[in-house]
Amino acid sequence: MFQVKYVVVESFGGADFVRDWSDGIPVWFFIVLKTPSRLRVGERVVECEAESFVLYPPMTPIYYEARGAYHHEEWIQFLSDDTNLREPYVPLARPVKLINPFGVHELMRILAYENVAGYSERERSMEAMMKLLIYKMHDSCADRESVSMDSRLLRLRSQIYLHPEKDWTVRRMADLVYLSESRLHTMYKEAFHITCMNDVIMSRIQYAQNMLECTDKPVSDIALECGYHGNEHFCRQFKEKTGLTPGQYRVRYAIPREQV
């Protein structure tokens with residue numbers, strides 16, 4: 001069970017920002033530190049990277065301060081008896097670098113909206129989103145290889161799979177993540193075990209497979225929607241990746257409408 005008390009996104013402070021709740025508060029406190037900060041962990045003061053989170057249990061002392069020209073944070077106060085809210089599943093009262101800060105920001109933004117909405121399924125929606133937030137905390141501390149991944153690459157890959165029709169080039173992708181082409185190639189391959197251009201092809205093939213399975217659109221139209229300017233090029237790459245022509249794939253895998 002989760003009961004969200006308050007959600008704040010896009011909160012800013014100056015270089016002198018300090019939060020000092022030495023006696024703790026009677027609710028859980030989840031904070032995303034968007035800018036570098038300095039916080040107290042037990043008897044130590046530690047430096048905290050931007051895009052890190054801290055989960056404080058109720059009545060745990062809380063102290064952190066800005067470490068730069070300004071402070072940027074987002075936070076949630078909530079009550080819960082969820083059994084996942086404990087070590088080692090999630091870290092408590094210590095900073096952890098987020099794997100995907102953009103995704104967590106979007107989740108918190110939706111939580112903030114739902115928290116003041118009067119929808120009939122509001123409580124169930126917020127329960128599901130809070131559970132997802134806990135899973136994101138766990139992922140950030142459990143998979144250190146993923147934690148080291150540049151979040152810009154995750155955002156880029158998301159855009160590639162959301163928009164396979166775009167004219168993706170290495171130059172364009174490198175510009176989007178502010179990297180050189182060679183650096184993007186190296187980092188992308190290390191992160192996802194595939195080159196960025198091969199991933200573009202896979203995103204297009206995956207989308208084409210879905211269209212062939214679920215629609216009656218002509219192959220030529222699907223090719224255009226997948227970013228191919230020529231039907232022949234599309235058919236050749238599709239067969240290279242799947243072992244079948246688009247027509248053969250549709251015959252084998254199309255979902256009969258009577259099953260829908």
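This is a predicted model: local features need pLDDT of at least 70, side-chain atom pairs count only at pLDDT 80 or more; totals for chains, interfaces and linings use all residues.

Student: Fine. How many helices and strands does the protein chain have?
Tutor: The protein chain has 10 helices and nine strands. Those are DSSP runs numbered from the N terminus: helices are H or I with at least four residues, strands are E with at least two.

Student: And what's the radius of gyration of the protein chain?
Tutor: The protein chain has 23 Å, whereas a compact globule of 260 residues would be near 18 Å. That radius is taken over C-alpha atoms, and the globule rule is 2.2 Å times the number of residues to the power 0.38. Along the principal axes, the C-alpha atoms fill a box of roughly 70 × 45 × 30 Å.

Student: What share of the residues counts as buried?
Tutor: 43% of the 260 residues. Buried means under 20% relative accessible area, exposed means over 50%, and partly exposed is in between, with a 1.4 Å probe and protein chains only.

Student: Switching to rings. How many aromatic pairs are there?
Tutor: The count is 15 aromatic pairs. Rings of Phe, Tyr and Trp (its six-membered ring) pair if their centres lie within 6.5 Å; planes under 30 degrees apart are stacked, over 60 edge-to-face, and the rest tilted. Take Phe12 and Tyr70: they form a tilted pair, 6.3 Å centre to centre with 35 degrees between the planes. Phe12 is in strand E1 (residues 2-14) and Tyr70 in strand E8 (residues 70-80), so this pair ties together parts 58 residues apart in sequence.

Student: Is Phe12 buried or exposed?
Tutor: Phe12 counts as exposed at 52% relative accessibility, and Tyr70 is partly exposed at 45%.
Tutor: Phe17 and Tyr64 make another tilted pair, at 6.1 Å and 35 degrees. Phe17 is in the loop between E1 and strand E2 (18-21) and Tyr64 in strand E7 (residues 62-66), 47 residues apart. Here Phe17 is buried at 18%, and Tyr64 is buried at 1%.

Student: Which residues form an aromatic cluster?
Tutor: Tyr6, Trp21, Phe29, Tyr56 and Trp75 form one.

Student: OK, helix H9. Which residues in H9 are buried?
Tutor: Phe234, Gln237 and Phe238. Seen down the axis of H9, the buried residues fall within an arc of 105 degrees (from the directions axis to C-beta atoms), so they line one face of the helix.

Student: Why would that spacing work?
Tutor: An α-helix has 3.6 residues a turn, so residues three or four places apart point the same way.

Student: What do the buried residues of H9 pack against?
Tutor: Helix H7 (196-214), helix H8 (219-225) and helix H10 (246-253), where contact means heavy atoms within 4.5 Å. The face turned away from the buried side carries exposed Glu232 and Glu240. Gly243, with a positive phi near 80 degrees, follows H9.

Student: Last one: which peptide bond is cis?
Tutor: The one from Glu87 to Pro88, with omega near 0 degrees. Pro88 is in the loop between E8 and strand E9 (96-97).

How values were computed: Residues are numbered from 1 along each chain as its sequence is written. Side-chain values use heavy atoms; hydrogens and water are left out.
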